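Reader: I'd like to learn how to read pockets and helix packing in a model like this one. Could you walk me through it?

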Amino acid sequence: MQVIYADILFMINFSADYLALYLTGKILCLRPRRIRLILAALIGAIYALPAMLFVRQAWLLLFLSAAVLCLMVWVSFCYTGLRRYLRAILATLLISCLLAGAITLLYRGIAHLTRSLEIEAPSPTFWSAPTSA
C-alpha cells in the first residue's frame with residue numbers, strides 16, 4: 001500500500017495550480033488579483049485529496065477534474081465572455097500538462113543521473129588488515 005501524506009499532496013497541488021494560473025494570466029495578458037489566484041489554487045488543492053481517496057472511476061475523475069478546472073479559471077479570471085473564458089481554460093490545461101511533463105522529465109533525469117553516479121562500496125576484504133607473511 002502506498003502512503004500519501006495529505007499535507008504534501010495539498011502543497012504540491014496548491015503550488016502547481018497557482019503556477020499554472022499565474023502563467024496563464026501572464027501569457028493571455030490577464031491581470032488577476034493575487035487573492036483570486038490563491039483562492040482558485042486553494043479550490044484545486046482542496047479538491048485533490050478527496051479525489052485521490054474516493055474517486056475510483058476514471059470517467060468520473062475526468063469529469064470532476066474538468067469541472068474544478070472550469071471553477072478555478074472562473075474564480076481566477078472572472079467571466080468576461082465565453083471565448084475568453086474557454087481560451088483561459090485551454091491555456092491553463094495546456095500549461096498544466098507542460099508543467100507536469102517538465103517535472104516528470106526532471107524527476108526521471110535526476111533519478112537516472114543518481115543511478116549512474118552510484119559507487120559500489122568496497123568489499124570487506126579490501127578493508128581487512130594486511131596479513132603478515
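Reader: Which element gives the largest share of the lining of the second largest pocket?

Author: A pocket is, on a 1 Å grid over the protein atoms alone, an open set of points where a 1.4 Å probe fits, with protein on both sides within 12 Å along at least five of seven lines; lining residues have an atom within 4 Å of a point. Here α1 provides the largest share, four residues. Helices (H or I, at least four residues) are DSSP runs, numbered from the N terminus. This is a predicted model, where local features need pLDDT of at least 70 and side-chain atom pairs count only at pLDDT 80 or more, while totals for chains, interfaces and linings use all residues. Residues are numbered from 1 along each chain as its sequence is written, and side-chain values use heavy atoms, with hydrogens and water left out.

Reader: Which residues line the second largest pocket?

Author: Its lining consists of Y18, Y22, G25, K26, C29, L30, R31, P32, R34 and L37. By class there are six nonpolar, one polar and three charged residues, where Ala, Val, Leu, Ile, Met, Phe, Trp, Tyr, Cys and Pro count as nonpolar, Asp, Glu, Lys and Arg as charged, and the others, Gly among them, as polar.

Reader: At what angle do α1 and α2 cross?

Author: Axes are lines fitted to C-alpha atoms, for helices over the stretch in contact, and angles run from 0 to 180 degrees between N-to-C directions. The axes of α1 (residues 6-27) and α2 (residues 34-54) come within 8 Å and cross at roughly 140 degrees. So α1 is oblique to α2; angles under 35 degrees count as roughly parallel, over 145 as roughly antiparallel, 65 to 115 as roughly perpendicular and the rest as oblique.

Reader: How do α2 and α3 compare in direction?

Author: Their axes come within 8 Å and cross at roughly 165 degrees, which means α2 is roughly antiparallel to α3. Among the α2 residues that meet α3 (contact means heavy atoms within 4.5 Å) are I43 and Y47, and the α3 side includes V68 and W74.

How values were computed. Helix = DSSP H or I, 4+ residues; strand = E, 2+ residues; numbered from the N terminus.
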